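Subject: Handing over the structure

Hi,

Here is the structure I promised to pass on. Have a look at it first, and then read on for what turned up.

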Amino acid sequence: MEGQSCANTEIIQQVPSESSSPPFLNLLKIHRELLVSKIQNTQCLIDNLIKNEYFSTEDAEIAAQFPTQADKVRKILDLVRSKGEEVSEYFIYILQEVSDAYYELQPWLDEIEFHPSQNIQNKPVVNTDPVSRYRQKLKYELARDTKFVMSYAQKEEMLLEETYAASLIELVSYTNESLGKVSCLEELFDDRIGLINEDGETIYVFGDAGIGKSILLQKMQNLWARGELDVGAKFFFRFRCRMFSCFKENEAICLKDLLFKYNCYPDQDPEEVFNHILHFPHTALFTFDGFDEMHSDFDLSSIPEICSPNEPTHPLALLVNLLSGKVLKGSRKVLTARTGTEIHQNIIRKKVLLRGFSSNNLKEYTKKFFRDEECRVLMTNQLEANPSLCSLCSVPLFCWIIFKCFELFRSMFDSHELPNYSVTLTNVFLLMTEVHLNRTLKTNLLKKNTRSQVETFRSKKETLFSLGKIAHTGMEKSLFIFDQEEVTSLNMSEQDLHLGFLRTVHDCGGFGDQSSYEFLHVTLQSFFTALFLVTEEKLGTKELLKFFAECSSTETAPSTCLPISWLRKRSIGEDPFRNKEHFHFTNLFLCGLLSKDKEKLIRHLVSPAAIKKKRNALITYLLESMKFQLQNLIRARQKDYKQIQVMPNFVWMLRCIYETQSEKLAKLTVRGMRANYIKLTYCNAYSSDCSAISFVMQHFQKHLGLDLDNNNINDYGVKQLLPCFNKLMVIRLNVNQITDHGVRVLYDELSKYKIVTYLGLYNNQITDVGAKYVARLIEECSSLTYVKIGANKITTEGGKCLALAIQKSKTMYDIGMWGNQVGDEGAKAFAEALRNHPSLTNVSLAFNGITPEGGKSIAEALKHNNTVKIFWLTKNAIDDEAAESFAEMLRVNKKLAHLWLIQNQITAKGAKYLSEGLQENTTIKEICLNGNPINQEEAKAFEERIICF
């Protein structure tokens, strides 16, 4: 140590005085502590300084003696400065050139405007930092692997950049209430938006099957690999959750092996790379796709929780500990799963709901998919002519299938239209199957294929049986990956394996070097499982209906909602990762394949007697199950309605009935409801589900109330409800992504029948254009008494139209405009509507940008109104001057019962005006001033009917 001190003294004496220090020497001195805090790797610096003969081996040994990284950096800086200006400049040049290793210093380099001299630029810089080299390798492999979108035709390559289209992404609360839209993927990691648990580390992305969860992660991975995802992630590790199901119960793995073996392995110093990740976990970003696709038949609770990243444990336990932050705490995780998957709230940082394509998203995707304008126009025309087809296209996966089938039918059959089917999901998957089976045909270049669907299926009967058998084997165990032995045992040809239904899975734990396979999507496995259930001659009723048993809902009954005794016992053990959606889809396809209109096709695959027996068993089950569910629904009695509140499982039953296309079944369901107000709120219903809803609801003989609040109906769903509009007196579509196009459909249909009394359109995407259609409906439909259209995008123009319509109406009772932006001019128009209105009772203009000018107009109008009982003006800019006008109104108006002025700009002075006005008014029950600038002491002086806090 004594010798080291002497060396230090000698070095310090060689440093020039500050007054004569050149620029680069000064930079290293002035910013010394910044450099010490940001430089994490010293070896790369030393390697390059030695290579260019600026450092000797002795210099390197001196720096290496220090135990901490910070002290090593300080010593290197001392040594560099001791060697003069050129070495200092080259030192900064290394930081600039090896940007991956010193990425945190890039803003500093920009700040000092560093531009190396030509002499320094001619000197080589080699990146020897194992951490940054590993990062470069990760980026390269991720860019390569995510460049193309997986196609059902495995030989086709679709560039992600050319095919990806954005969909609706929404941040939600624990209870799935909207916290705002996501406009770019960086916002998923921005804690200023949508944060619900600052202690959680996992961003939970959920949505229905086919809604675009996997491709969203692929887009995220691709952006990171190209340096276009600015979220501070240095490392990106991706996993598919279903691979964790492939490990045996006695297998164990440590974190390092999980990261490197199933992503990519560092070319040098893996220990240093791993230690860097451990020391800086916030630089690591993980994606885990398909949490619901895991399966575990052993008890995870028997495995002890571990917190050490070096201790081997079962991969499933390691995954759980990663997600919870017990391992690599501080790293960021994105987890996807299908709707309904149970995730512990304490690990969730944000919840993200994928809602599929909006109408604009669909237009963008159509434009990207069909490069040929003629083909694009033909497809667009078909979508516009067929609302059912359009609704299915709001789900990206189904949209891709439909578009691909259209494209291939055009090329193979010289047809400009898809076959004229009623569009059920079963039809779409049968069509896709037909298209891919026809890939094996050898056709004449001058002659188009004219083979029918029946001929296609009959010719590939054995292939279909094999696919059905392997799908069913996996579905019984909730397994989605199959080893080589399972596939080989079915005698499937190499040609069959490349039809596009199965794909090879690489790097799947548990199968060693063996190839393994999976269906291209879980819904495809569900389809082939249903096909197996239908075509297996010897299959009994219990086996046929077993997946309905797996979907037993606990929503309406403590044990099961299934009335048939032999289905009550669970055939599969309790699984902590269990999700039932793949069973639901299997049941859906079973109903479709056993429908009467499919018999012409299916009888070529199985005997007519077997089809009849299975169809009868299915119909009997559906009737009994629906009857049981209806008996256990929550019922309520309103003024003119008998109401039932249904659960999400009920929507699946409606979907099944729709797939059967059985009018008889639909009518029997309606008869069993014994209600005329159906509440389907928070049922995760999509636009395509409206086909099923209307298929059943159109059979109501009398008028009906339909509440679809808080779903994902959108404009396509509104079109699907067309068969019901002649029955609907109440239609609630609040929080459903509806735009002006959907409102136009509502106007066109509801104005025909003129029976609607309640229209709920709160919190959608409606502008002044849509407001004008609602205004016309109010004018033309005297039965309409309630309109809720708040939290949209309505401004002064739309507000004026609505106000004028209300002024003309003699029956309007309640108008809700909360959260628009009608402003003072809109407020004045509503004030005119209020004057002497014969029926208007409840009015909300809360949060509408109304200033004292608009407030005074409303107060003046209320002097001439004898019907309004409740008025909401919350969250505006009403001040003391406007409060004085309301006080004068109170001296005249003896009918108003509640005046809500919460969160305005009223002070104690305005409150005093209102208190004085109350002295001449004994009928008003309350004036609410919460959230105004009135302190507790000031509030004590006022009348009890003024609520300030």
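Two notes before the details. This is a predicted model, where local features need pLDDT of at least 70 and side-chain atom pairs count only at pLDDT 80 or more, while totals for chains, interfaces and linings use all residues. Residues are numbered from 1 along each chain as its sequence is written, and side-chain values use heavy atoms, with hydrogens and water left out.

The overall picture

The protein chain has 42 helices and 25 strands. Both are DSSP runs numbered from the N terminus: helices are H or I with at least four residues, strands are E with at least two. Of its 949 residues, 59% count as buried. Buried means under 20% relative accessible area, exposed means over 50%, and partly exposed is in between (1.4 Å probe, protein chains only). If you take contacts between residues at least 6 apart in sequence, 79% of them join residues at least 24 apart; a contact here means heavy atoms within 4.5 Å.

The cores

The largest nonpolar core has 264 residues, and F403 and F871 touch the most other members. A nonpolar core is a set of buried Ala, Val, Leu, Ile, Met, Phe, Trp, Tyr and Cys residues joined through side-chain atoms within 4.5 Å. Helix α19 (residues 396–413) gives this core its largest share, 10 residues. Leaving out residues up to four places away in sequence, F403 touches L362, Y365, T366, F369, F370, M379, L383 and C393. There is also a second, separate core of 35 residues, with I46, V98, I112 and F114 among them. As general background, nonpolar side chains tend to be buried together in soluble globular proteins.

An enclosed helix

Helix α15 (residues 315–324) is worth a click: 8 of its 10 residues are buried, so it is largely enclosed by the rest of the structure. The buried ones are P315, L316, A317, L318, L319, N321, L322 and L323. What do they pack against? Their partners are β5 (202–207), α13 (255–261), β7 (284–289) and β8 (332–338). After α15 comes G325, whose phi is positive, near 90°.

Two helix pairs

Two packed helices are described by the angle between their axes and the distance between the axes. Here, axes are lines fitted to C-alpha atoms, for helices over the stretch in contact, and angles run from 0 to 180 degrees between N-to-C directions. Angles under 35 degrees count as roughly parallel, over 145 as roughly antiparallel, 65 to 115 as roughly perpendicular and the rest as oblique.

For α31 (residues 648–660) and α33 (residues 689–697), the axes come within 8 Å and cross at roughly 75°, so these helices are roughly perpendicular to each other. On the α31 side, V651, L654, R655, I657 and Y658 take part, meeting D689, S691, A692, I693, F695, V696 and M697 of α33. By class, that contact has 9 nonpolar, 1 polar and 2 charged residues. Nonpolar covers Ala, Val, Leu, Ile, Met, Phe, Trp, Tyr, Cys and Pro; Asp, Glu, Lys and Arg are charged; the others, Gly among them, are polar.

For α38 (residues 823–834) and α39 (residues 852–862), the axes also come within 8 Å, but cross at roughly 0°. That makes α38 roughly parallel to α39. D824, A827, K828, A831 and L834 of α38 meet E853, G854, S857, I858, A861 and L862 of α39, a contact with 6 nonpolar, 2 polar and 3 charged residues.

Around β15

K679 sits in strand β15 (residues 677–679) and is partly exposed, with a relative accessible area of 25%. Its C-alpha atom is 4.7 Å from that of D707, 28 residues apart along the chain. Not counting residues up to four places away in sequence, K679 touches Q643, I644, Q645, V646 and D707.

Which loop holds R674? R674 is in the one between α32 (663–673) and β15; its phi is near 50°, a positive value in a residue other than glycine, and R674 is exposed at 54% relative accessible area. Y682, in the loop between β15 and α33, has a positive phi near 50° and is partly exposed at 42%.

Cheers
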